[in-house]
Each structure stands twice: as C-alpha cells, then as structure tokens.
Amino acid sequence: MIFASSGSSFCRYMSTAIGESSDKMELISDVADVLTDSTVQAMASQVPAVNEVAIAAADSFLPVKALQYFIDAVHTYTGLNWWASIALTTLLIRGATVPLLINQLKATSKLTIMRPHLEEIKQQMQDRAMDPTAVADGQKRMQKLFKEYGVSPFTPLKGLFIQGPVFISFFLAISNMAEKVPSFKSGGAYWFVDLTTPDPLYILPVLTGLTFLITVECNMQEGLEGNPIAGTMKNVSRGLAVLTVPFTMSFPKAIFCYWVTSNFFSLVYGLVLKNHGVKKILGLPEIPVQQPSTASKPAPFSVFSALKPPSAVTEEPTSLPVESSKVSDRKISSSSVISQRLRSLEKQVKGRKKNKKR
C-alpha cells in the first residue's frame, strides 16, 4: 500500500510537471520560430546578392571573373547602388593604369623628338638612290637612335595594349552581370533605374559619343605634336565618336556607367597633363614647336617602311619645288648650249668671209 500510494503520488507529480513543461516548451518553440525567421530574413537579404554574382561569374574568363567580384566587393562594402559601384570601380582601375600611361606618353614624346633625325637619315638614303649599302648603313643608324632614346617603332601602340584589355574586360563583365544579376533591374537612378535594358531616350549613347569627341579634340595630339600620323588618328577618332551613337543604342545602360565615367577620366587626365608644371613634375620631355617654312619638305617619315629591306632600287619623286628647280636648271643649260652653238656658227661665218676676201 505504501508503494502504491507512493506510486500514485509520483504519477500525479509527473503529470503536473509535464503540463507545466509543455507550456514552457511551447513558449520556447515560439521564440525559436521568431529567431529562425529573423535569421533567415537577414541571411536572405545578403545571400542572393552573393549568389547572383557567383552565378554570373561562373562561366567567365579569369580577368572578367575577377573584375565582376571586384565590382561586387565595392557594391557590398560601400553600400552604393550598382551604377555608382561600376563608376567607382572604373575610377579605381583607370587610376591604377595612370603610371603606365605616363610611361607610354614619355616614350611617344621621345619618338616625336627623334623623328627629324630619322627623316634626315631617310633623306640621305634617298639621295644615294636607295643603294643597298646606304640602306643598310641607314638602318644601323636608326637602330642606334632607337636604343639611344629607349623607344621602339611600336611605342605609339602601347596605349592600345594598356587600355584595350581594360575596356574589353569591363564590357564583358558588365554585359554578363546585366544579363544574369536580377538586382541590376533596380540598380540605377534617375531615368536609368533598370540597368539591363537600353536607354529609350538615347541620352547615354549621345553622352558617350560627345564626351569621346571632346576628349579627341582636346587631348588626341598629346605627345604627337608635329607628327603627320596624329592628324590621321584624330580624323579616324572623330568618325568613331560619331558612329558611337548608332552602334551603342542597343547596349544595356549598365555599360554606359563604365563608358561615360572612363571618357570623363580620359578628358580630365589629358587636360591635367597639358599643364607645364605637371609635365616638369612627371618628367615629361618638352617637344619643340616646329616653325612652318617655305623650304622643300621630304615625304612623311614612316619608321616601318624605313626599316624594311629594299625590294627594288627605285628613286622616289621629290616635292614640287625641287622638280621646278630641276626644270629651270634644264632650261638654263639648254639655252647656254644654244648660245654656244650660235657663237661657233658666227665664228665660222666670219672665217669664211675673211677667206673669200683673200
């Protein structure tokens, strides 16, 4: 009986404890649900952005993938919208390439300074009728000049090798992100909120072409003063600036966030380098201004054509003033010959008259 009563009391105690603990468990489960929901929401606000960029970068090349992650890092740590993150990334990367561009500008300026010496060597080769010995000697002197100034015939192309890969990487990275990152649909501002679609007002394509044209007009001949190639490059760049508008109308707005920012950077960079004080600080050589003269000028110098071995011995035509001087010399020589013949005939006639009188 004691065991039974103790057992019944034990059972009653357990039943009461179970009822109280069940209420506590329900309260704990409610708190856990709230914490879980808040945690999931907090994680959900962060995870999709990372997954979006990871999905977009999965099938990209290494430079493009690295650039996509860099844009995402700027977007994450600064809290800026996608358009501002792209613009800030553009400024950072273009700023990192400034030392390379300054080095290239130094080399281009040196090539422009040594250009008159190369033209003089080429003129001497032409005066010797492009004799193989003269051509070989001229090529050796040209190579010596290139080593002395520390440049090469491919110096003007360094700018393309620096800026070309940067432009292609940005273009591929942003195009891929505009296609595969859903948050780009609301990552813009003002009239270009959706970065995945073209600009229906064509403001961004026109702004891109206009900023590029202004940059060409202000900075295109920097380091190429007096070089006839500069005029050709400037005309070609003008045409490209005009064609930019129709060719980029179908591009997503995200690409223009990079393109317009890059054009503004190039414009400011060129205007700053026009200052003589900045040139002295950076060690850029001063290019002497060539005064226009009425004397005969040789044909435009081409480094590549001068370094090529001659295929045939041909004499290039000289300029019009030289030809006119040759024609005048020929006229003078022919008139002198005629006068000499007339004098000899007069002497013969006088001699015959004297013989007849005798």
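I started at Y190, which sits in the loop between α6 and α7 (203-219). Helices here are DSSP runs of H or I with at least four residues, numbered from the N terminus. I'm working on a predicted model, where local features need pLDDT of at least 70, side-chain atom pairs count only at pLDDT 80 or more, and totals for chains, interfaces and linings use all residues. Residues are numbered from 1 along each chain as its sequence is written, and side-chain values use heavy atoms, with hydrogens and water left out.

**Loop backbone**

I looked up phi for Y190 and got a positive value of about 55°, although the residue is not a glycine. Most residues other than glycine have a negative phi, so I noted that one down. Y202 lies in the loop between α6 and α7 too, and its phi is positive as well, near 60°.

Next I checked accessibility (1.4 Å probe, protein chains only; buried is under 20% relative accessible area, exposed over 50%, partly exposed in between). Y202 comes out at 40%, so I logged it as partly exposed. Y190 has 67%, so it goes down as exposed.

**Rings in the loop**

I took rings of Phe, Tyr and Trp (its six-membered ring) as paired if their centres lie within 6.5 Å; planes under 30 degrees apart are stacked, over 60 edge-to-face, and the rest tilted. That rule gives me nine aromatic pairs. One of them joins Y190 and F192, with 6.4 Å centre to centre and 45° between the planes, hence tilted. F192 is buried, at 7% relative accessibility. I then looked at W191 and F192: their ring centres are 5.0 Å apart and the planes stand at 80°, so this pair is edge-to-face. W191 is partly exposed at 38%.

**α6 against α9**

I moved on to helix α6 (residues 158-180) and helix α9 (residues 253-273), whose axes come within 8 Å and cross at roughly 155°. Axes are lines fitted to C-alpha atoms over the stretch in contact, and angles run from 0 to 180 degrees between N-to-C directions. Over 145 degrees counts as roughly antiparallel, so α6 and α9 get that label.

Which residues make the contact (heavy atoms within 4.5 Å)? From α6 I listed V166, F167, F170, F171, I174, S175 and A178, and from α9 A254, I255, Y258 and W259. I sorted these residues into ten nonpolar, one polar and no charged.

Terms used. Helix = DSSP H or I, 4+ residues; strand = E, 2+ residues; numbered from the N terminus. Parallel < 35°, antiparallel > 145°, perpendicular 65-115°, else oblique. Contact = heavy atoms within 4.5 Å. Nonpolar A, V, L, I, M, F, W, Y, C, P; charged D, E, K, R; others polar.
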